[in-house]
Amino acid sequence: MIQSDPVIAWLLDSDPSIRWQVMRDLLDVPDPEWMAERAKIETDGWGARLLSRQDEDGQWAGGAFLPAGFDPQEWKEHGQPWTATTFSLSQLREFGLDPACGCARRTVKLIGANSRWEEGGQPYWEGEVEECINGRTVADGAYFGVDVSPIVDRLAGERLDDGGWNCERIRGSVRSSFASTINVLEGLLEYERSTGGTHRSREARRTGEEFLLARNLFRRLGTGEPADERFLHFLHPNRWRYDILRALDYFRASAILTGADPDPRLGVAIDHLRSRRLQDGSWPLDGSPAGRVWFEVDDGQGKPSRWVTLRAMRVLRWWDAQPSINAWRQFQST
């Protein structure tokens with residue numbers, strides 16, 4: 001496949017987990033071609049490398065959320081470790097491991113039989129107690145074909161009055177968190193993509209989206225100032241953390257699933273995304289969450305990132321293709 005765009009060529013000169021998404025989302029190649037590339041994740045590159053670190057019982061690093069034998073001092077000194085089962089599963093989902101492949105089916109079965117949450121000893125696919133963790137568990141479970149409907153129903157009932165979620169709710173928080181909300185929204189979207197969702201899950205997704213949209217994805221509702229300047233910086237992997245590119249990629253996926261027009265309130269975040277593009281057409285990695293990892297999948301902070309660039313390009317391609325947005329631009333300019 002020869003491409004004249006040097007950024008596309010740079011993206012394709014990468015791992016299968018990036019290449020197949022470039023082929024599908026940026027090049028519109030026929031399904032059999034990108035699916036053949038996606039199938040390589042199980043045997044080549046980062047996907048195969050991560051699968052090779054799996055324990056015999058199906059887990060990673062001997063634990064659900066934390067590695068076995070974890071010393072809290074490590075978190076304090078070096079950051080949260082990202083090697084345990086939940087973060088490894090989420091990364092395989094991000095890579096695009098085919099949920100129908102043999103290793104995926106085996107993994108799901110083994111985790112269900114052997115993995116327990118450190119918080120209370122619950123079986124893995126029954127979920128934990130925190131909304132952030134359960135949102136990702138729903139996303140991973142739905143993607144890999146697990147029935148996570150009880151967790152979905154629970155999350156729908158844990159919304160706060162402002163429409164979103166906060167992992168600190170059980171400790172008295174009454175305001176939604178950007179990070180908790182995006183984690184839950186991604187889970188509910190994957191559940192809806194896999195099953196069609198329920199009236200309750202779709203309504204929960206609607207109110208969670210409104211929480212973010214009313215704040216232009218990053219602002220305080222009262223003052224209009226950034227709720228956190230870090231929301232405007234581009235992370236990878238996000239893990240549980242929030243930034244506007246993660247939110248924009250979610251809204252793109254949501255619109256594609258439902259056929260909805262993009263909401264004009266995304267425009268401020270879109271403008272910021274455009275402003276961060278480098279002269280060579282790529283986007284930089286502003287940072288990665290500190291802590292133990294199996295291996296790196298980017299070239300380092302401050303350098304052009306294939307992952308950030310892939311997500312940015314497909315968001316802008318989707319946004320710029322919408323007739324409703326072009327009409328809105330013309331209205332704004334008059």
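Student: Which rings are linked into a cluster by ring pairs?
Tutor: Phe178, Phe211, Phe231 and Tyr242. Keep in mind that this is a predicted model.

Student: How many aromatic pairs does the count come to?
Tutor: The count is 16 aromatic pairs. One of them is Phe231 with Tyr242, with 4.9 Å centre to centre and 75° between the planes, so by the cut-off of over 60 degrees it is edge-to-face.

Student: Why give both a distance and an angle?
Tutor: Because a pair of aromatic rings is described by the distance of the centres and the angle of the planes.

Student: OK, and where do Phe231 and Tyr242 lie?
Tutor: Both are in the loop between helix H11 (199–213) and helix H12 (244–258), so their pair ties together parts that are 11 residues apart in sequence.

Student: Are those two buried or exposed?
Tutor: Phe231 and Tyr242 are both buried.

Student: Switching topic: what lies over the face of Trp34?
Tutor: That's Arg24, at 5.7 Å from the ring centre. Trp20 has Arg38 over its face, at 5.2 Å from the ring centre.

Student: Is Cys101 buried or exposed?
Tutor: Cys101 has 10% relative accessibility, so it counts as buried. Cys103 counts as buried as well, at 18%; the cut-off for buried is under 20%.

Student: Now helices. How many residues does H8 have?
Tutor: Helix H8 covers residues 131–143, so by that range it has 13 residues. From its first C-alpha to its last it reaches 18 Å, close to the 18 Å expected at 1.5 Å a residue.

Student: How many residues of H8 are buried?
Tutor: 13 of the 13, so H8 is largely enclosed by the rest of the structure. Just after H8, Gly145 takes a positive phi of about 85°.

Student: Last one, another glycine: where is Gly63 found?
Tutor: Gly63 is in the loop between helix H4 (45–51) and helix H5 (72–78). At 4% relative accessibility, Gly63 counts as buried.

Student: What does Gly63 touch?
Tutor: Leaving out residues up to four places away in sequence, Gly63 touches Ala68, Ala84, Thr85 and Glu118. Its C-alpha is also separated by 12 Å from that of Pro123, 60 residues apart along the chain.

Notes
Residues are numbered from 1 along each chain as its sequence is written. This is a predicted model: local features need pLDDT of at least 70, side-chain atom pairs count only at pLDDT 80 or more; totals for chains, interfaces and linings use all residues. Side-chain values use heavy atoms; hydrogens and water are left out. Helices (H or I, at least four residues) and strands (E, at least two) are DSSP runs, numbered from the N terminus. The expected span of a helix is 1.5 Å times one less than its number of residues. Buried means under 20% relative accessible area, exposed over 50%, partly exposed in between (1.4 Å probe, protein chains only). Rings of Phe, Tyr and Trp (its six-membered ring) pair if their centres lie within 6.5 Å; planes under 30 degrees apart count as stacked, over 60 as edge-to-face and the rest as tilted. A charge sits over a ring if NZ of Lys or CZ of Arg is within 6 Å of the ring centre and within 35 degrees of the ring normal. Contact means heavy atoms within 4.5 Å.
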